[in-house]
Structures are given as structure tokens and as C-alpha cells.
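Visitor: Please take a close look at one part of this model. I would like to hear about its covalent cross-linking, and then about the fold around it.

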Amino acid sequence: MFSIMASKKFPLKGVLLATLLLMNTFLSRKCVTASPICPHGSDTCQVSLGDLFDRAVKLSHYIHSLSAEIFNEFDERYAQGRGFIAKTINSCHTSSLTTPEDKEQAQQIHHDDLLNVVLSVLRSWNDPLLHLVSEVQRIKEAPETILWKAMEIEEQNKKLLEGMEKIVGRVHPGDLGNEVYSRWSGLPSLQLADEDSRLFAFYNLLHCLRRDSHKIDNYLKLLKCRLIHDSNC
């Protein structure tokens with residue numbers, strides 16, 4: 001996965017050290033995500049609601065951290081001087097969902113509705129993340145770190161969604177929430193022949209991913225405080 005070639009600029013010793021550091025970061029992060037929040041397909045989950053929330057919060061924070069990193073890396077490598085940020089206002093596919101914009105707004109929403117918001121946003125990212133992984137490989141000279149992070153986010157978003165469905169089922173047995181989500185129609189934009197337009201489509205998608213993953217991270221921390229009565233809140 002991490003093929004870093006030695007050169008005059010990067011001697012072999014330095015390359016090996018960089019590779020080891022990268023692998024160490026990868027392995028330490030995988031400790032957060034080595035197991036699903038609850039065993040997939042099990043009818044009864046033997047994990048307490050508090051532990052389920054602990055795992056969900058850690059996983060959502062991990063996803064948000066990766067989302068911020070992949071956006072910053074893409075921005076630095078491909079978006080400098082192109083004026084992309086001015087075009088991203090209200091252009092996320094999840095903008096059609098009614099979501100609280102900040103902690104204060106989220107505190108005004110009943111926890112049942114906030115749980116459904118989390119499910120809706122996570123479901124809305126299944127399709128775009130799947131195509132992000134396939135299409136990012138077509139970007140010229142895309143760093144392997146961007147591809148790895150896209151793959152990791154896609155995998156962990158599915159895992160977090162499964163965990164949230166377990167949590168909703170635990171809070172309201174028999175009710176996994178409705179199937180409301182926002183459909184994404186951005187694939188043609190990721191395949192445009194014009195380089196600027198195609199790179200902006202990637203930039204916008206990663207910008208929205210960073211925004212939504214931050215929202216989910218905040219919502220889950222708030223829900224944990226409400227439903228678990230965490231003394232650390």
C-alpha cells in the first residue's frame with residue numbers, strides 16, 4: 001500500500017523511517033476500528049448501551065479526523081489558486097436534510113429526532129463514499145494516502161451506521177428509524193473531462209464530508225451525554 005521510492009532527495013534510510021512512521025500511525029489508528037461496534041448480524045448485542053456509545057463516539061471522531069486530513073491534503077495538492085472555496089456554499093447533497101448547525105441548535109432537538117438525523121446523514125454518505133474510492137484512483141498522481149483514507153472512511157462509515165442502528169434499536173426496540181436519506185447525484189461531476197471542473201467536484205465532496213462528519217461527531221457526543229448521563233459531560 002505504502003510504496004515510497006528512494007531517491008537522491010530521499011535517501012533509503014529516510015524513506016524507511018518515513019514508511020515505519022506511517023505504518024505506526026496506521027496500526028495505532030486501527031486499534032480504534034479493529035472490531036465492529038457490535039458483531040455484524042447478531043440478533044442480540046451483549047454490549048451495554050454506554051459501551052456502544054463510547055465506541056460510536058470514538059469511531060465518529062476517527063472518521064472526522066480522517067475527513068479533515070483528506071480534505072486538507074487534497075486542498076494543498078490540487079486546489080491552491082483555483083478559488084474553489086467560494087463555490088462550495090450550500091452545495092452539499094445533504095443540504096436537503098434538516099440538521100442542526102451547531103451545538104446550541106442540537107440541544108433543542110429531542111433525542112429521538114437527533115438519532116434519526118444521525119442515521120439519515122450516515123445513510124446519505126454510503127453511495128458517494130463508494131464512488132469516491134473508485135474515482136479518486138483516476139486522479140493523476142494522487143498520493144496513496146488520499147486513496148487509503150478514502151477507503152478507510154468508506155469502511156468505517158458503514159461500521160458506524162451499523163452501530164447506530166444497534167443503538168437506535170436498543171433505545172427504541174423494534175424501531176430502526178425511517179429510511180430517510182438524501183440521494184447523491186454527483187458521480188458524473190467526478191468523471192468530467194475538464195480538469196478544473198472535476199477537481200472542484202472532488203474538492204466539494206470532501207468539503208461536505210468534513211462538514212457532515214464534524215456534525216455527526218458533535219451530535220453523538222451530545223446524545224451520549226443525554227442518554228447515558230455521562231459524568232464527564
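**The disulfide link**

Guide: The link of cysteine 92 and cysteine 208 is left-handed, with -95° about the S-S bond. It joins distant parts of the chain, 116 residues apart. Cysteine 92 sits in the loop between α2 (49-79) and α3 (103-107). Cysteine 208 lies in helix α8 (residues 195-228). The sulfur atoms of cysteine 92 and cysteine 208 are 2.1 Å apart. A disulfide here is a pair of cysteine sulfur atoms within 2.5 Å. In general, such a link is a covalent bond between the sulfur atoms of two cysteines. A search of the whole structure finds one disulfide.

Cysteine 92 and cysteine 208 are both buried. Buried means under 20% relative accessible area (1.4 Å probe, protein chains only).

This is a predicted model: local features need pLDDT of at least 70, side-chain atom pairs count only at pLDDT 80 or more, and totals for chains, interfaces and linings use all residues. Residues are numbered from 1 along each chain as its sequence is written, and side-chain values use heavy atoms, leaving out hydrogens and water.

Now the surroundings. The protein has eight helices and zero strands. Helices (H or I, at least four residues) and strands (E, at least two) are DSSP runs, numbered from the N terminus. Of the 233 residues, 42% count as buried. Take contacts (heavy atoms within 4.5 Å) between residues at least 6 apart in sequence: 82% of them join residues at least 24 apart.

Notes: Buried < 20%, exposed > 50% of the residue type's maximum accessible area, 1.4 Å probe, protein only.
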